[in-house]
Amino acid sequence: MKTKTTQLQSVINDIHSTNGQISIYELSKRHFTTVRQLERNFKKLIGLSPKEYSNIIRFQYALSLIKKSNQNSNLLDIAFECGYYDHSHLSNEIKRNTGLPPSLL
């Protein structure tokens, strides 16, 4: 199991280094595996799909930018920087993950 975890560690490192903005297809290409095999291994060892994990990392990055900005930067700029389609997409993610509207962060 340690070798599988070690193999996934490089995938996890890629997800973190791109702040969750890498596609699962690109991850599978970089690590010489199929998308389906990557999903199976990730789900088995981590408990989440690589897409779900990437979304969590991307959301955490967005939250860190929101906290650092102190209202100096608008939500649209942060949304684009984090790979969200628009500010509404980021707002919906904030509400879904925290239960709070973005104005209360």
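Which residues make up the largest nonpolar core? The set has 12 members: F59, Y61, A62, L63, L65, I66, I78, A79, C82, Y84, L90 and I94. A nonpolar core is here a set of buried Ala, Val, Leu, Ile, Met, Phe, Trp, Tyr and Cys residues joined through side-chain atoms within 4.5 Å. Buried stands for under 20% relative accessible area, exposed for over 50%, and partly exposed for values in between (1.4 Å probe, protein chains only). At least two residues of this core come from each of helix 4 (50-69), helix 5 (75-81) and helix 6 (87-98). The most are given by helix 4, with 6 residues. Another core lies apart from it and has 11 residues, including I12, I15, I24 and F42.

The model is predicted; local features need pLDDT of at least 70 and side-chain atom pairs count only at pLDDT 80 or more, whereas totals for chains, interfaces and linings use all residues. Residues are numbered from 1 along each chain as its sequence is written, and side-chain values use heavy atoms, with hydrogens and water left out.

The protein chain holds 6 helices and 0 strands, in the order α-α-α-α-α-α along the sequence. Helices (H or I, at least four residues) and strands (E, at least two) are DSSP runs, numbered from the N terminus. Of its 105 residues, 31% count as buried. Among contacts (heavy atoms within 4.5 Å) with a separation of 6 or more, 47% join residues 24 or more positions apart.

C82, a member of the largest core, touches Q21, R58, Y61, A62 and L65, leaving aside residues up to four places away in sequence. The charged end of R58 sits over the ring of Y84, at 4.0 Å from its centre. For such a placement, NZ of Lys or CZ of Arg must be within 6 Å of the ring centre and within 35 degrees of the ring normal.

Two residues of helix 1 were also examined. D14 is found in this helix, which spans residues 2-17, and D14 counts as buried at 16% relative accessibility. Not counting residues up to four places away in sequence, D14 touches I22, L27, R30 and H31. S17 also lies in helix 1, but S17 is exposed, with a relative accessible area of 54%. The side chain of S17 reaches the backbone oxygen of D14 at 3.0 Å.

How values were computed. A polar contact is a pair of N or O atoms within 3.5 Å; within protein, one must be able to donate a hydrogen and the other to accept it, and residues adjacent in sequence count only if both atoms are side-chain atoms.
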